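Here is a short note to read alongside the structure, arranged as numbered points. Please keep the sequence and the model in view while going through them.

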Amino acid sequence: MANTNSNSNAAKNSNKDAMKRFKEEVAGEIGVPLKDGYNGDLTSKQAGSIGGEMVKQMIMKQEEQMQ
């Protein structure tokens, strides 16, 4: 049972790392100065543009896979 939990935690950490890399990649593409750690100095517009672009790209990838 402990092995199942450790596998689950490893998968969660891997997913978190992948989303973090994706967010950093998107921020770089749209020119938002995202840094490691706290980003409270970003405007709402900047932060929202990162999330919006992430969603847009995820939808595009899913639509490509469905074809």
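How many salt bridges does a search of the whole structure find? The search finds two, where a salt bridge is a side-chain nitrogen of Lys or Arg within 4 Å of a carboxyl oxygen of Asp or Glu.

1. Basis of the note. This is a predicted model, in which local features need pLDDT of at least 70 and side-chain atom pairs count only at pLDDT 80 or more, while totals for chains, interfaces and linings use all residues. Residues are numbered from 1 along each chain as its sequence is written, and side-chain values use heavy atoms, with hydrogens and water left out.

2. The salt bridge of Lys20 and Asp36. The side chains of these two residues meet at 2.9 Å, N to O. The pair links distant parts of the chain, since Lys20 belongs to helix α1 and Asp36 to the loop between α1 and α2, 16 residues apart; helices here are DSSP runs (H or I, at least four residues), numbered from the N terminus. Lys20 is partly exposed, with a relative accessible area of 39%, whereas Asp36, at 61%, counts as exposed. Buried means under 20% relative accessible area, exposed over 50%, and partly exposed in between (1.4 Å probe, protein chains only).

3. The salt bridge of Lys35 and Asp41. Here the side chains meet at 2.8 Å, N to O. Lys35 is found in the loop between α1 and α2 and is partly exposed at 40% relative accessibility, while Asp41 is exposed at 55%. Lys35 and Glu24 are eleven residues apart in sequence, and their C-alpha atoms are 8.2 Å apart in space.

4. Asn39 in the loop. Asn39 lies in the loop between α1 (2-30) and α2, and it counts as buried because its relative accessibility is 19%. Its side chain reaches the backbone oxygen of Lys35 at 2.8 Å, and a polar atom of that side chain lies 3.0 Å from the backbone oxygen of Gly37. Asn39 also touches Pro33 and Leu34, not counting residues up to four places away in sequence, with contact meaning heavy atoms within 4.5 Å.

5. Helix α2 and its buried residues. Helix α2 has 23 residues, which at 1.5 Å a residue should span 33 Å, and its end C-alpha atoms are 33 Å apart, so the two values agree; the expected span is 1.5 Å times one less than the number of residues. Which residues of α2 are buried? They are Ile50, Met54 and Gln57. Gln57 has a relative accessibility of 14% and therefore counts as buried, and it touches Phe22, Val26 and Glu29, leaving aside residues up to four places away in sequence.

6. The nonpolar surface patch. Met19, Val55, Met58 and Ile59 make a nonpolar surface patch of about 340 Å². Helix α2 (residues 44-66) gives the most to this patch, with three residues. Ile59 has its place in helix α2 and counts as partly exposed because its relative accessibility is 46%. Patches are made of residues with over 30% relative accessible area and no salt bridge, with like charges joined within 9 Å and nonpolar side chains (Val, Leu, Ile, Met, Phe, Trp, Tyr) within 5 Å. The accessible areas come from the Shrake-Rupley method with a 1.4 Å probe, and for residues only the protein chains shown count as cover.

Key. Helix = DSSP H or I, 4+ residues; strand = E, 2+ residues; numbered from the N terminus. Polar contact = N/O pair within 3.5 Å; in protein donor to acceptor, adjacent residues only side chain to side chain.
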